[in-house]
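User: I would like to learn how to read a few features of a model, one at a time. Please give me the general idea first and then the case at hand.

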Amino acid sequence: MTPALLEHLAAALAGTPAVPLCVAFSGGPDSTALLHALTQLPMARERGLRALHVDHGLNADSHAWAEHCQRLCASLDMPCAVLRVQVETHRGEGLEAAARRARYAAFEQNLGEGEWLLLAHHRDDQAETVLLKLLRGAGPEGLGGMRERRALGKGQLWRPVLALSRAQLRAHVEAHGLPCIDDPSNADARLSRNYLRHDILPRLVAHWPQATDSILHSATLSQAAADTLRAQWLPAFTRLHDAGNGSLAMPDWLALPPALREPLLDHWLHRRGLPAPTAAQRQQIERQCQARPGRTPCISWAGAELRIWKARLWALPPQPPIDPAWHCEWRGEPLVLPDGGLLRLSDPAARLPEPLHVRLRRGGEHLKPAGDAHTRELRDLFQQGELPPWQRLACPLLYADGELVAVADRWLSARGEALFSVAASRPEWRPGA
């Protein structure tokens with residue numbers, strides 16, 4: 001028999017370091033059970049137990065839900081911080097994925113040094129996750145489901161009730177008469193996880209009573225396999241990855257066996273804050289790696305773009321549309337560019353003796369770099385300087401009296417050198433991607 005929630009948590013806490021604890025508290029039944037049970041354990045309170053509630057602002061009642069969470073925490077004599085986030089869907093992700101990204105970013109930013117964030121994911125959530133990963137064509141890492149512990153920000157993420165069932169958590173809620181939030185989106189069968197939870201898994205269990213146990217056993221084996229493979233692909237990642245520009249050596253990556261190639265790609269993407277591709281998109285990436293020299297293939301999926309250039313793989317968030325007519329005046333203050341990049345001076349306190357006009361490439365620009373005997377076309381400078389093609393349209397061009405005097409911080413004319421010399425500072429450009 002699985003131990004009761006309090007006994008299970010007491011045993012789990014006894015086997016972990018005495019680190020600060022923080023509960024991700026949505027106000028739903030599962031996190032309410034976890035939160036309440038922890039407050040009943042002195043060893044949890046002694047670790048500075050607190051709660052974090054994320055208000056996504058996606059429901060008209062979200063502020064009321066935040067107030068509910070604060071009231072319940074106050075009744076339990078436990079601090080609760082409300083984190084209000086902006087869910088951005090411009091990256092092409094679905095609403096669920098965008099909300100999850102915003103939520104975990106908020107958790108990461110608010111987690112203290114060495115603090116552990118406790119989530120109420122249970123064995124039924126794990127079974128749903130494994131099935132979702134299977135349907136998306138995942139390998140051993142994905143089929144292993146959620147890890148009980150992993151690094152997060154300055155601390156760790158911990159799922160202490162992953163071995164317990166939803167019914168056990170709900171039984172705790174009912175036994176103590178705990179008030180819970182009923183989020184109507186949890187009943188929306190249009191969402192993949194809800195469809196599995198309400199329609200598919202009950203049918204599987206009705207036909208195969210051991211279905212959940214079997215799925216979780218396979219997940220355990222998959223995690224073990226993933227750990228074994230990691231010992232092989234992680235050294236390869238170190239060899240293939242350029243820490244300076246974040247790219248991967250394409251031919252060496254393609255030469256790896258699929259069992260190493262796929263998790264290495266996912267690891268690289270996740271390090272860059274990007275989602276992994278589907279099985280079909282992976283096949284497309286591998287096909288495009290065979291493209292003729294001189295081409296710059298781009299494979300896109302929700303939340304990410306992968307480009308192949310100079311025999312390397314480059315991963316970026318989706319690029320925002322850029323207005324080529326954008327322009328402004330600049331004296332050296334930090335200037336946010338249309339792609340999210342930044343133009344500034346190396347000395348933050350410095351200012352230019354006269355304002356420069358900043359605009360983007362429109363075609364046909366020329367510059368005579370200081371010390372160069374020849375005037376160069378901007379296209380040639382970009383090619384010689386190996387500026388990635390996706391950065392060229394957003395590269396800031398600096399003009400004085402209609403004359404191009406600097407191309408970001410890459411090339412300056414003699415007049416540009418003189419202008420920045422007077423300011424005793426240099427331009428610095430940080431591209432948006």
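User: In which helix is Arg 287 found, and is Arg 287 buried or exposed?

Analyst: Helices are DSSP runs of H or I with at least four residues, strands are runs of E with at least two, and both are numbered from the N terminus; Arg 287 is found in helix 13, residues 279–288. Buried means under 20% relative accessible area, exposed over 50%, and partly exposed in between, with a 1.4 Å probe and protein chains only; Arg 287 counts as exposed because its relative accessibility is 53%. This is a predicted model, in which local features need pLDDT of at least 70, side-chain atom pairs count only at pLDDT 80 or more, and totals for chains, interfaces and linings use all residues. Residues are numbered from 1 along each chain as its sequence is written, and side-chain values use heavy atoms, with hydrogens and water left out.

User: How many helices and strands does the chain have?

Analyst: The chain has 16 helices and 20 strands, and buried residues make up 45% of its 433 residues.

User: Which residues touch the most other members of the largest nonpolar core?

Analyst: In soluble globular proteins, nonpolar side chains tend to be buried together. A nonpolar core is a set of buried Ala, Val, Leu, Ile, Met, Phe, Trp, Tyr and Cys residues joined through side-chain atoms within 4.5 Å. Here the largest such core has 34 residues, of which Leu 5, Leu 9, Leu 21, Leu 34, Leu 35 and Leu 38 touch the most other members. Among the elements that each supply at least two residues of this core are helix 1 (5–14), strand 1 (21–24) and helix 2 (29–39), and helix 2 gives the most, with five residues.
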